Structure formats: structure tokens, C-alpha cells
Amino acid sequence: MLMKINAKMGGINSLLSIEFSNAIPLVSRTPTIIFGMDVSHGSPGRADVPSIAAVVSSRKWPQISRYRASFRAQAARVEMIDGLFEPVSKDKDEGMIRELLGDFYLSTPKLKLKNIIIFRDGVSESQFNQVLNIELNQNIEACKFLDEQWDPKFLVIVAQKRHHTKFFQANVPPGTIVDHKVCHPKNNNFYLCAQNGKIGTTRPTHYHVLLDQIEFSADELQELVHSLSYVYQRSTTAISAVAPIRYAHLAAGQVAQFVKFDDMSDTASSQSGGDAGGFTQLPKLHHKVSSSMFFC
């Protein structure tokens, strides 16, 4: 409980040694932001309850332990996030990416990003092309909207926890990585068991690298992903997936709990015939909370 309170109030429970010494491969040398993206859906059968898309972003580079969140409501059961880029006028964008990039710029302070790392959760292999064609394009458009000459490099990784691959070994050592033989023969992917598997049937997280313009080596990328498994402020040890993804999941779930959708659905039903697409606006967080880790 105290760890949660400390994180919500702006404290940090632990820091990695390589984070403190600015020794994270590539990330510590070049201004880099890390995104975690996830979508929370309503309970089955509730077509009148919208899905909540949440994106968390790292702040105060070169640290990778501090994050803030942005969220939007979207049509029910829609997995692809459509609120990343929302131009409302010629010079105004109200999308989530613009909001998070502005926070990074002010918290660094005022450094221009060169690398953007995106961790996406909750999508299947059949949706990988949609992640690149829909969500990545929104990221690129949001950057171009800010500065037409700005051309940051992207790294897009999908994390999958729902699969049938397990490591059968007594006491699987935390940090175990498998990147050959049982992996895809052509695509860049690997399994990582960051958590301590004491029972002996550990289910690793399967990471798929969809795009790498930053040109990480295999060892550098795996070290970064492993490091991000240790910066979760609710735990003193590594968790099964990277912290940005877990934070995005928590943020989306908590916002769904904060907002009384049952009351909102009655109003929206009378206006839009019960269409969940009518939920386009969510209350904005108070300015004293918006930059905090309220979701932790």
C-alpha cells in the first residue's frame, strides 16, 4: 500500500543501476520516449458501454521509471486506438500523442525527441498490420502536425501473454530469453521470462518486433525489454511484462471504474440510439493529477 501511495504522490520506489548511470542501450544516449498502449473493453454483452483506450508515456528522460497517462473513450469492442491523432483545426491537435509529447518536452526539459518506442498489448497476430497501418500512422501524423520537418525513428513491439508456450524447467531463472528454435524463423520475435518462476511451468511473454527504425541489436533490445520489466513501482521484483504495458492496462481499467458509464449510457442511448460511438468525451483529469501516476 505504501509503495502505491508513494508512486501516486510522485515518488520513486526503486531505480535501476543502468538507469541511474545512464547506461541503457541507445535510450540513455538519445532523447527517447516510451509508450505503452492498451484498450479496456466492457463486460460481455454490454454494447452500450464504450471501450477505453489508454496510452502511457515515459517522462523526465533519461529515466524510464516515471510515466503519465492519457485516455479516450471509443466504440465498444474496438481494439484499434483511434484517438491518437485528432486534429480539430489547422493548428490544433487534441489527440493523445500530442498531449504526451508536450508533457515529455516540458519534463525533459525542452529536448526534441529522436526515438519513439511503442509497446502494444492486447492484439493478435492477425491485427499486426492494423497496428502499423492505423496506430503507427496516427503517431507519424501527430509528429508531422507538430513539425513537418520532424522525422523521429520508431520501434514498435507487440507483447503477447495469451499463448500456449511454457518453459518446463525447475526454477526457471528470471531473465531467461529464448530467441531461436521455437520462435518464428523469419520475423523478429523472442520469449522473455522476466519473473521468477518458482513452480517450474513458467509462461513467458512473447514479444514481436513489428518495426525497428532505431536499429537495436538483438542483445540491446532484449536488455531494454528486460530492464523495463523491473521498473514497475508496485513490485520490488520483475513482472511478467514490461511496465509501460501494465500501466496502460491499469489506467484504462481505472478510468472505466471512475466514470459511471451506466448513467452515461442512458443519456447517450436517447441521443444516439444506444450506439457506443456516442461516447466521445471523457472528463479531463485535474491539472494536479494529470501528470502523476494516479493509475499505479
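User: In this predicted model, which residue does the side chain of D121 meet in a salt bridge?

Analyst: The model is predicted, not experimental. A salt bridge needs a side-chain nitrogen of Lys or Arg within 4 Å of a carboxyl oxygen of Asp or Glu. For D121 the N to O distance is 3.2 Å, and the partner is K161.

User: Where in the chain do D121 and K161 lie, and how many residues apart are they?

Analyst: D121 is in strand β6, and K161 is in the loop between β7 and β8 (167-168). The pair therefore links distant parts of the chain, and the separation is 40 residues.

User: Is K161 buried, partly exposed or exposed?

Analyst: Buried means under 20% relative accessible area and exposed means over 50%. D121, at 10%, is buried. K161 has a relative accessible area of 31%, so K161 is partly exposed.

User: What geometry does the aromatic pair F85 and F145 have?

Analyst: Planes over 60 degrees apart count as edge-to-face. The ring centres of F85 and F145 are 5.6 Å apart and the planes stand at 65 degrees, so the pair is edge-to-face.

User: Is F85 buried or exposed?

Analyst: F85 is in the loop between β3 (67-74) and β4 (87-89), while its partner F145 is in helix α4. F145 counts as partly exposed, at 29% relative accessibility. F85 has 16%, so F85 counts as buried.

User: What distance separates the end C-alpha atoms of helix α4?

Analyst: Helix α4 covers residues 128-146, which makes 19 residues. At 1.5 Å a residue, the helix should span 27 Å. The end C-alpha atoms agree with this, being apart by 27 Å.

User: At which residue does α4 bend?

Analyst: The buried residues of α4 include L132, E135 and L136. The buried residues of α4 pack against several elements, among them β1 (32-40) and α3 (96-107). The helix bends by about 30 degrees, at L136.

Terms used. Residues numbered from 1 in each chain as written. Predicted model: local features only at pLDDT ≥ 70, side-chain atom pairs only at ≥ 80, totals over all residues. Heavy atoms only, no water. Helix = DSSP H or I, 4+ residues; strand = E, 2+ residues; numbered from the N terminus. Expected span 1.5 Å × (residues − 1). Bend = angle between axes of the 7 residues up to and from the residue. Buried < 20%, exposed > 50% of the residue type's maximum accessible area, 1.4 Å probe, protein only. Contact = heavy atoms within 4.5 Å. Phe/Tyr/Trp six-rings, centres within 6.5 Å; stacked < 30°, edge-to-face > 60°.
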